[in-house]
Amino acid sequence: MSTLAHPASGRRNTQRVRKWGPAAIVFGIGMALWQWVLPALGVERYLLPPLSDVLQAFWDNRSELVRGGWITFKEALGGFVLGCSLAFGFALVLARWRPLGSALMPYMIAANAVPIVAFAPITNAWFGTLSPWSKVVIAAVLCFFPVLVNTLRGLTSLRPESLELMRSYAAPQRVVFARARIPNSLPFVFSALKIASVLAMIGAVVGDYFGGSTEALGVQIVSSVSLAQYETAWAAILVASLIGIAFYAAVALAERLVVGWHPSIRAGVD
Amino acid sequence: MKPSEAVVTARGISKTFGKGGVTALQDIELDVGRGEFISLIGPSGCGKSTLLRVIGDLVDPTSGEIRVNGKSARQARLDRDYGIVFQSAVLYDWRTVAKNIALPLELMGFNRAERAARVQELLSLVELDGFEKHYPWQLSGGMQQRVSIARALSFTPALLLMDEPFGALDEMTRERMNDELLRIWTEIRSTVIFVTHSITEAVYLSTRVVVMSPRPGRITSVLPIDLEQPRTRETREDPRFFELVTEVREALHAGGADDVVEEPEVVE
């Protein structure tokens, strides 16, 4: 067995290198440009400090940055959970009572186009500048609309025969939702959750910009810039980006576990 | 035919879609006896799929009365008196073959052991043993349609409604599926109402062929098919088979099938 396993795993490694190699090379080039080429071209420190200085700033301020990242992540996660669950529940109601859906949907789509971060200073007035809730609400509102619109599409985009089949079994609405509409919606829901994970992080950081606990990541970015500590600001942005990527990856992993049967996921698995 | 033997009785069924819209069905009179294999044949727009859906209480007729197993069509649906197979297999992508077949059993409250046993029986009936853990996308079109037939038969309904179930398959697969369907029909002895627009398929499978014509959708003739049972590969080469195919074709043309411009079947 083991003699057979080796060539197979070797082939898998080769495939992995083929798949990820180009991306790794681009990453390396990008980092090298940042570190050496930009300073050589005379890009000033306040525009973009060299990579090594940013990493040094991260190391020097690691405990504050990690604590700040955790605070801001909790705001983002709270908003994500709140906004996504409300949107999912709302979508269920609108899908169940279609006239209600047709009445409200135009406004939902219009509201989706509103630049919601514009409300960030207002939520501070509502909940208090230092309260995490003002950031949670911004993140939640940002998550709400894409999840609502996508979930509703998933709940209602069944083939007519799928519903006729349920009708032929005399299935009550509760069963139609549990066995047909909700499973059908899941690929749509997860696409929306991936978008929402990114939006939640944006909402939380931008919410921080308008004030909050001095430890929060967004507040650290603003105060570092005002103190001309650009390296620290960039290190904080780096932390925010890493959290955003990890958040997205966690949702993508959940997607793979829950809707592994869906063609778009299958295409990604070898 | 004694009324007690009638599985489906249609009296003066008409269906109009929309206000002053298309008359999909007009004055349909039809009796289907227990154990019969009835094909509804006609060009697109003749209302054959609509008639099937009226029988299944999936579409309400504008007027007329329909009885299924001596009850209203609605009551028959609520009693789960029929199984239905569509042109596409309509399997749920998130369910394995076994779970797709067991779906109606789940809704009807059969326990896990009963469902598992029944799924095994059905898998061998449709010759898909060993495929229970597969997902729909791992199967060919013909195999998917066999899963869909197994699902329709899972709760042993006395009536099977089939809406062009083999329309999307290639000719070879279709002929093989025809033979399998006849074998299953002989085994389970249920009544089948089968919508098709293939003349040879209708003649090969049926005990009676109901010829329909469009605008308005109506029954123009009903032809008994007196070919010997069971039907086999030789049946397809029997001179009587060709005579009957010709009869059905002429009935279709007499009903005005020639004037028809291709258009999608009227389904709600």
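Select R96(A) and W97(A) to begin: the charged end of R96(A) sits over the ring of W97(A), 5.0 Å from its centre, where sitting over a ring requires NZ of Lys or CZ of Arg within 6 Å of the ring centre and within 35 degrees of the ring normal. This is a predicted model, in which local features need pLDDT of at least 70 and side-chain atom pairs count only at pLDDT 80 or more, while totals for chains, interfaces and linings use all residues. Residues are numbered from 1 along each chain as its sequence is written, chains are lettered from A and ligands numbered from 1 in the order written, and side-chain values use heavy atoms, leaving out hydrogens and water.

Staying in chain A, select W70(A), F73(A), F80(A) and F247(A), which ring pairs link into a cluster; rings of Phe, Tyr and Trp (its six-membered ring) pair if their centres lie within 6.5 Å, with planes under 30 degrees apart counted as stacked, over 60 as edge-to-face and the rest as tilted.

The structure holds 14 aromatic pairs over all chains, and one of them is the stacked pair of Y92(B) and W94(B), at 5.0 Å centre to centre and 20 degrees between the planes. Y92(B) is buried at 1% relative accessible area, and W94(B) is also buried, at 16% (buried is under 20%, exposed over 50%, partly exposed in between, with a 1.4 Å probe and protein chains only).

Next, select R236(B), whose charged end sits over the ring of Y204(B), 3.8 Å from its centre.

Finally, display the whole of chain B, whose C-alpha trace spans about 50 × 45 × 40 Å along its principal axes, and of whose 268 residues 56% count as buried.
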